[in-house]
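Here are a few friendly notes to read alongside the model. Please keep the 3D view open as you go through them.

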Amino acid sequence: MKLKEAREAAGYTQESLVLKVNGYMKCTLRHYQNVEYGLKTPNIILGLLICKLCSVDPREVEEWKVKADQDW
């Protein structure tokens, strides 16, 4: 599932989700946008918080999955 789809299904805009996240830890709108667009990977705490707020399993977020053709 795309992070954007999970956020929208949970009833959040980018701004409202960031406001909710900021109740727990610091996150700018720009940083969240970069995470949602797949440009940045969040730290583990932020990633788990986003998933909890959006009711999605972190292993199902497309932007965070390891691609099969990536070398380790």
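1. Which residue forms a salt bridge with R7? The partner is E36, and the closest N and O atoms of the pair are 2.7 Å apart. A salt bridge here is a side-chain nitrogen of Lys or Arg within 4 Å of a carboxyl oxygen of Asp or Glu. R7 lies in helix α1 and E36 in helix α3, so the pair ties together parts that are 29 residues apart in sequence. Helices are DSSP runs (H or I, at least four residues), numbered from the N terminus.

2. Before going on, a word on the source: this is a predicted model, where local features need pLDDT of at least 70 and side-chain atom pairs count only at pLDDT 80 or more, while totals for chains, interfaces and linings use all residues. Residues are numbered from 1 along each chain as its sequence is written, and side-chain values use heavy atoms, with hydrogens and water left out.

3. Is R7 buried or exposed? R7 counts as buried because its relative accessibility is 5%, and E36 is buried at 5% as well. (Buried means under 20% relative accessible area, exposed over 50%, and partly exposed in between, with a 1.4 Å probe and protein chains only.) Leaving aside residues up to four places away in sequence, R7 touches Y12, T13, Q14, L17, Y32, E36 and C54; contact means heavy atoms within 4.5 Å.

4. The whole structure has three salt bridges. One of them joins R59 to D57, with the closest N and O atoms 2.8 Å apart; R59 is exposed at 64%, whereas D57 is partly exposed at 30%. K65 and E62 also meet in a salt bridge, at 3.3 Å from N to O. K65 is partly exposed at 34%, and E62 is partly exposed at 33%.

5. Now look at α2, where Q14, L17, V18 and V21 are buried. Seen down the axis of α2, these buried residues fall within an arc of 100°, so they line one face of the helix. The arc is that of the directions from the helix axis to the C-beta atoms. The buried residues of α2 pack against α1, α3 and α4.

6. Finally, visit the loop between α2 (14-21) and α3 (29-36), where N22 is found. N22 is partly exposed, with 36% relative accessibility. Its side chain reaches the backbone nitrogen of C27 at 2.8 Å.

Technical notes
Helix = DSSP H or I, 4+ residues; strand = E, 2+ residues; numbered from the N terminus. Polar contact = N/O pair within 3.5 Å; in protein donor to acceptor, adjacent residues only side chain to side chain.
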